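Today I am opening my notebook on helix packing and charged side chains. Let me bring up the structure and look things up one at a time.

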Amino acid sequence: MGDLMYEGENYAELLTTKYAEDILKLSRYIPYFENKKGSDVATKYEGEDGQATLKFPVYDSTLLAFTKEAAETSLMDSNYIYKYRQYHISTEIAEKNAIKDAKLKDIDLLRAILSRYVLEGRYKGPRWIEAAERGIFRDVLVRLMELYDFVKTDHRIDTNK
């Protein structure tokens, strides 16, 4: 786990003071998102006897609880699009790699990715389903917990050497 080290700003302190409570609160959803597929988190409502002309997703109550809770945390960043541009993320593969490779200094990127799916899901129905299907919610939460655990075990760089 040596690749998690930081330089410059005290990202470890930021992680353990500003975001720790919210990371721990949301981490309880990790088991829920393990191996979830879109059909596991939402079904299509088609009206009585399938006669409705407008079909819309009906979300699993746990997914709704997660997105509501996440939206109220310090992890949300309404300017998430700027982080996507800063990190040159324009594809699903780049997004997945960015999560996997995130270091302490990339906390704001992880916040941006989480924010994109939580906030856009409010008006783009399939966004929450996509995040569950592709493992985005799970991956971001797991990476945030890895970074938090790393910092809590005090494996930081000794800058006095």
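Entry 1: I began with contacts between H1 and H7, where contact means heavy atoms within 4.5 Å. On the H1 side I found Tyr11, Leu15, Tyr19 and Leu26, and on the H7 side they meet Ile107, Asp108, Arg111 and Leu114. By class, this contact has six nonpolar, no polar and two charged residues. Here Ala, Val, Leu, Ile, Met, Phe, Trp, Tyr, Cys and Pro count as nonpolar, Asp, Glu, Lys and Arg as charged, and the others, Gly among them, as polar.

Before going on, I noted the ground rules. This is a predicted model, in which local features need pLDDT of at least 70 and side-chain atom pairs count only at pLDDT 80 or more, while totals for chains, interfaces and linings use all residues. Residues are numbered from 1 along each chain as its sequence is written, and side-chain values use heavy atoms, with hydrogens and water left out.

**Entry 2: how they cross.** Helices are DSSP runs (H or I, at least four residues), numbered from the N terminus. H1 covers residues 11-27 and H7 covers residues 107-120; their axes come within 12 Å and cross at roughly 25°. The axes are lines fitted to C-alpha atoms over the stretch in contact, with angles from 0 to 180 degrees between N-to-C directions. H1 and H7 are therefore roughly parallel to each other (angles under 35 degrees count as such).

**Entry 3: salt bridges.** Side chains of opposite charge can pair when their charged atoms come close. I used this rule: a side-chain nitrogen of Lys or Arg within 4 Å of a carboxyl oxygen of Asp or Glu. The count comes to 18 salt bridges.

Which residue forms a salt bridge with arginine 28? I found glutamate 69, with the closest N and O atoms 2.9 Å apart. Arginine 28 lies in the loop between H1 and H2 and glutamate 69 in H4, so the pair ties together parts that are 41 residues apart in sequence. Glutamate 69 is buried, at 15% relative accessible area (buried means under 20%, exposed over 50%, partly exposed in between, with a 1.4 Å probe and protein chains only).

I also checked glutamate 72 and lysine 68, which meet in a salt bridge at 3.3 Å, N to O; both are exposed.

Entry 4: Arginine 127 and glutamate 130 meet at 2.7 Å, N to O. Both lie in H8, three residues apart, about one turn of the helix. Arginine 127 is buried at 11%, whereas glutamate 130 is partly exposed at 22%. Both belong to a network of salt bridges that also links others, including Glu92 and Arg116.

Key:
Helix = DSSP H or I, 4+ residues; strand = E, 2+ residues; numbered from the N terminus. Parallel < 35°, antiparallel > 145°, perpendicular 65-115°, else oblique.
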